[in-house]
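Me: I would like to learn how to read a few features of a fold, one at a time. Could you take me through them, with the general idea before the case?

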Amino acid sequence: MKFKTIEWRGDRVRILDQRRLPQEVRYLDCRDAFSVAQAIRTMAIRGAPAIGVAAAMGIALAANKNPSIQPGPFHKNLEKVCHEMRQTRPTAVNLFWAVDRMERILNCVQADGVEKTKRKLEEEALRIFKEDIEINRKIGEHGKKLIKNGDGVLTHCNAGALATAGYGTALGVLYAAWAEGKRFHVYVDETRPMLQGVRLTAWELRQAKIPVTVLTDSTAGWLMKQGRIDLVMVGADRIARNGDTANKIGTYSLAVLASHHHIPFYVAAPASTLDLQLVSGEEIPIEERAEEEVSHIGGRRIAPKGIKIFNPAFDVTPYHFINGIITEKEIFRKPFEKVLEVVKVQ
Ligand code: MRU
């Protein structure tokens, strides 16, 4: 990739500010955990794996800058930072998974001492980052066999290098297929209201020189009817034990449309997106975001005042609409319940 979504710089976390793309490639230097949390909340960085990496780096940064030499106050202060990170966004489970990993190290501070804990926290954040790229590449290797020469592939939102530590999940599959010499066309929903499809996915694919056509979200069904879509490939923010999958709002509609038109629908996600404590998608918390994301475009009001706006950031696609879940281990097929348990414990 020609760009870095997120980077550990020792005294700061450097984040590619996705709110400004594609007009401007500008990096944000977050010098404390609060600014990392703010970057996640305001979607300067977004995408399930990427916000997990950002939270982990934010905690490592807070640890390194903490002046306490006593384990007690150090632990108390870092616990607050972990809590703050958990409050940033509710749906993507990768965030909580990454904070839990950091917290396990933090909880050994009495035995390890403050200095060693700081080192271990930094190492763990960097490990989460590196592992994510390796995992994405494995997802790509497994998923690429689903893509055929000449295919029209539809994707939604952004599940690419920008949504991860690098490479991507759904787009990682496309990058891997392209690198192998397969030639296909990618259709991208613009993804209202935050426009991750037209702004971010189209930008990424353009850089990779993969042909891309952007469509409004409501065009997808018509394109399927015309026989121009052979496969739908999306990412995920949280997958319940039965395979029900939370992803960007609009994913459910695509799955229903794909099923109606007999088009295979695949989800690409790492094991860190699995939440096996949840029996089904009904238990997945869905983030509702500010009304202004819908009522305004580019800072200008487009909706009349005095109306209600409903702006859920995600929806849940029931497992029966999903043909397969592509993970770093393999492509899992229904029934998902047993196999997802296997991938999580490995
Ligand atoms: O609100 P966002 O932009 O964070 O939502 C992102 C998505 O829904 C992605 O599809 C998902 O996180 C998978 S990213 C590999």
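Reply: A crossover is right-handed if, with the strands pointing away from the viewer, the path from the first strand over the helix to the second runs clockwise. Helices (H or I, at least four residues) and strands (E, at least two) are DSSP runs, numbered from the N terminus. This is a predicted model, in which local features need pLDDT of at least 70 and side-chain atom pairs count only at pLDDT 80 or more, while totals for chains, interfaces and linings use all residues. Residues are numbered from 1 along each chain as its sequence is written, and side-chain values use heavy atoms, with hydrogens and water left out. Here, strand 5, helix 8 (residues 196–207) and strand 6 build a right-handed β-α-β unit.

Me: How many bridges join strand 5 to strand 6?

Reply: Strands pair if DSSP finds at least two bridges between them; strand 5 (residues 185–189) and strand 6 (residues 212–215) run parallel and are joined by four bridges. V188, for instance, has V214 in strand 6 as its bridge partner.

Me: What should I make of R101 and E131?

Reply: Side chains of opposite charge can pair when their charged atoms come close. A salt bridge is a side-chain nitrogen of Lys or Arg within 4 Å of a carboxyl oxygen of Asp or Glu, and the whole structure holds 26 salt bridges. R101 forms one with E131, their closest N and O atoms being 2.9 Å apart. Because R101 lies in helix 4 and E131 in helix 6 (residues 114–143), the pair ties together parts that are 30 residues apart in sequence.
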